[in-house]
Amino acid sequence: MADIEIEIDGNVVTAQAGEMLISVTDREGISVPRFCYHKKLSVAASCRMCLVDVEGAPKPQTACSTPVNEGMKVHTQNAKVKASQKAVMEFLLVNHPLDCPICDQGGECELQDVAMTYGSDMSYFSEGKRVVVDNDIGPLIHTDMTRCIHCTRCVRFGNEIGGIAEMGGTGRGEDLKIEPFLQEGITSELSGNMIDVCPVGALTSKPFRYALRTWQMNATPSIARHDLVGSNVFAQTYKGKVRRVVAKDNDNVNETWISDRDRFSYEGLSHENRLLKPQIKLNGKWKEVQWNEALEFTVRGLANQVSDNQANEIGALASNTATLEEFYLLQKILREMGSENIDHRLDIKDLENSITLDSNIKLTELESIDYGLIIGSNPRLEQPMINHRLRKAVLAGADIDVVNVMPFDFNYRINSENIISPYQTATILAEISKSVLKSVHAKNYLSNVSARDSAQSIANRLLTADNSVIILGEHIINNPQAISIAKLISEIAQQTNSATLNISATSNSIAAEMANFVPGQGGLDANAMLAAKLKAYILLDIYPEYDFHNSVKALEAFGNNTFVVSMNSFKDKVISQCSDVMLPIASFYETSGSHVNIDGKVQSFAAAVSAPSESKPAWKVLKVLADLLKLQGFHYEDSTQITSEAVNQNRQKATDERPVSVIAEAKRGIDVIYQKSPYATDVLLRHASALHATKIGQVHLASMNKSTAEKLQVERGKKYLGVPVMVTESVANDCVFINARHPIGGKS
Amino acid sequence: MNEVCFKNLNKEECHSLKVYRESGGYKVWHKILQGEITPEEIIDELKTSGLRGRGGAGFPTGLKWSFMPRQSDGQKYVVCNSDEGEPGTCKDRDILRYNPHAVIEGMAIGGFVMNASVGYNYIRGEFMEPFKRFEGALKEAYDAGLLGKNINGSSISFDLYTHLGAGAYICGEETALLESIEGKKGQPRFKPPFPANVGLFGKPTTINNTESFASVPEILANGGQRFADLGVENSGGCKLFSVSGHVAKPANFEIPMGTPFKDLLEMAGGMRKGGKLKAVIPGGSSTPVLTAEAAMAMTMDYDGIEVAGSMLGAGSVIVMDDSTCMVETLTRLAHFYYDESCGQCTPCREGTGWLYRVLKRMTDGDGVPEDIDLLLSVQDKIMGNTICALGDAAAMPVESFLRNFRSEFEYYIEHGRSMIKG
């Protein structure tokens, strides 16, 4: 848009025709008070606080809803404006309880701040004040709606960002109440943002309630590592503890929002189940020792088990929550020792068949796609912030098609939801592939394929869309044809000029790949390491029952005659059974390090607090361990040196020559897709209590249709693999979709 | 008298298509269907007529119609505001009851001028009889081939729907009305954008009052100049006045603009038995109240009423005699606005309740002398600071009642009882 000049308080400033006055004043640093306006939400113009005087307009105008035009003259400070602002401020306070001393928002309250500048120090209001009865809207948000000033930011957040109209205004006039429409309260995976947008103490954090004043805390910028986005956050700390996490703006990553998972996971940090002291196992009994003793015990143990030329008898496994630096140091230790047995892909049944698919679209670009095809994912719960970008795209007109094993609750319009059995996923992709091939290629595997209507229509959309993306999700990782699926996607993307987005692995898995935390030449992958029953294992923050695809095999491998070094942030029954030494390490916000997000963006963070008791950041432990092992090249002063080494190392990607198979193997039996509940995906989340009380956190179901249930001889009310069975015809044939809070054990 | 909207009032079955046609109804529409009139000619004729919006704001209708981006692509709408809710007003109700075809023809002409093929008539929720009358007329019009797609084989299409409101005063505000038609909560939108650009379902929309639409066929049939000549300068034509209160024969009167108030009072049979004129609210409850002297000197047209110190509004004349306690009257009015505020924007949501509570306290006998200044200050803080005019509507009576009848308020505060009623 064209640049124009307008005059504000006598100063000429440049603006773009049509933009709202308030964005100009904000940019110019001119103070205009507001409550209902929020830069990421639609304009409501209802609080009337941002009234300014526009020459030629008979009445004061709201800066948030007044588009600028050439030559406009605006006054933000004159007597007329001041009178209006003071009037609105007085009205806002007549029915506000002014209970600041007992309000959690005190000190970070927009009403308080603006009232100090624009309000009066006395009120002429001597009538009775309005009182509003509160509803319990769930375990995350506390309500004191008597304090509500009806700015409707939370309502607009729900409608526009969260995608569910959970809050609304009922009643009218003075009886207008902002409240959830439904009894079940607020269930959105992004609900905590309502706390951030609420300008007053009406919506506050329930877990943080009555804990501290905002000015008592320090705020350290950090990165949330629970998903592939790495949302920017502030960890707010007091006396060495993280007491609250709030969103930090970054338009390229999380805009101004964070998921509830990122916001409330910190609660787990102070769980009593933390591993706090180094321990060694002597004659089958655990003994708490000093760090030097534990590390010497570790070095001795490794040396006893593995003689010089037997380095390949050692394996290292790490969970996807580790930092880039930790992945890098651990693989470097192994490689310096001479072992290539390194892996982070713990939950994949068949690593020969593991997915490799690059992502080549940025988060910000996702919102401008005009077509998306989602395969095997429930992005709302798995990658809430990626889903948020997709939602923006849909609101802007994009179409999304889905290929899943059962319908999920999308918070945007889905063009078509194709529910098909896992054994048909490769087939439908082959059909799409055949439909998009411009010439009849000599692809043998497509010769017997004929495309069904839905495949043809997806193909047409991919061909006609200008910006399309194919998204590969988590539900595919254990599909026996996973690699074929990934390759077909890659092929279709090439043919249709589409981007690909691989969200099949999560947390910090991209950092693991960047750090080369995968088996090298002659090395064993995670499953092979367990099958080989090596003589020694180094485990980085692993909780076998949750993390391994087959925890039974893991327990067998870690059994007798092996030396297992476990570095953990939390205690774990299985780890204490099978380990020989347990080293307590720092958890989220307690260590410096880096997260690599889906854009390949390396986001480094400092520790917000020090690790509790005797636990230490894992990168420091690994560095000392390397020194004790007398390995070369570990003279790092701080973690940033490791970061740059990790980022700059040469990585070679092997070309993937595994064949594509598209035959539908209907006879292969029943596929079980096991997905952890979104609030059980890592150890910190599993200890965050408020999240588990939410509706999302409570989900614990094995869904299947009637014929599958009959084949498995289970029914509603019974359990399958320890998870309650739900029989619904919406699930595809021969498939069980498990969304579970607890490990389901021995999923072979 | 009764020359435009009410011209068939005294005929049998005056609401029927037959009677409407006999008096020249739908002739203009037929000419349009035959391509004999252009939209520009219609707009010019309306401008000549001096017709101003009859809903209360008094915006020139011809000018309003010329604002519509009629050449732009996409759907456009015309909407008729029959959500007549202003206390004191009942003229649109009677137009819908006795001359519904004039509204239909007026809207169809509007649709043609604005290039809008769909119209909605939003009728107040309580108007069940007018709603049925209008629906009946609509059926007649459809059956007679006057509405629909490609009417009479022309390229003109116009479909008209009736939408019954649900009893909220605020839905008479044109953008709240649009929200209500869209199925949303009736809350006014902020402007700009104006409905002419972003209206119903986000499309360009023209909204006019029932009486405005009903006047259009007559203006076009007999010429804008004739209509203008009926009235006075700056206030063309006739206007319906709903006279209510302490008069002998409360009724709707269609009289030429510029008629003296005292003549109108006479038409309404003069004051109720034994009463002496005390005060008049000339344009509906939201317009400032006038003293008897000011009212008796006033002529009933836009400028005449403004000179007297009030506004023509929707032409709802509330007459009060000397048995009226102005404190209690204002309290009742304040309660109305307190009750009908949508609650969306701060000054109105909080201010209307504040005004009412102070007045209620006063009529409960607990007023204090500072309350008068407090009321004036609160109404002043609402004025001009709200999204829609409801805030101003709540504020204006307070100021005028206190200005014109201050001593009654002072008496009520001092004695804890009404000066009039004892």
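1. Contact here means heavy atoms within 4.5 Å. On that count, 33 residues of chain A touch 32 residues of chain B. A quick caveat: this is a predicted model, where local features need pLDDT of at least 70, side-chain atom pairs count only at pLDDT 80 or more, and totals for chains, interfaces and linings use all residues. Residues are numbered from 1 along each chain as its sequence is written, chains are lettered from A in the order written, and side-chain values use heavy atoms, leaving out hydrogens and water.

2. How much area do chain A and chain B bury between them? About 2,700 Å², with 53% of it on carbon and sulfur atoms; buried area is the accessible area (1.4 Å probe) that two parts lose on being put together, summed over both. On the chain A side, look at A:F91, A:R172 and A:E174, which supply 28% of what chain A buries against chain B, more than any other three residues.

3. The rule finds six salt bridges across the interface of chain A and chain B (a side-chain nitrogen of Lys or Arg within 4 Å of a carboxyl oxygen of Asp or Glu). As for A:R130, its side chain forms a salt bridge with that of B:E350 (3.0 Å, N to O).

4. Within chain A, helix 2 (residues 79–94) passes helix 3 (residues 110–118) in a left-handed crossing. The contact involves A:Q85, A:K86, A:M89, A:L92 and A:L93 from helix 2, and A:L111, A:V114, A:A115 and A:Y118 from helix 3.

Notes:
Axes are lines fitted to C-alpha atoms, for helices over the stretch in contact, and angles run from 0 to 180 degrees between N-to-C directions. Helices (H or I, at least four residues) and strands (E, at least two) are DSSP runs, numbered from the N terminus. A crossing is left-handed if the near helix is turned anticlockwise from the far one by less than a right angle, and right-handed if clockwise.
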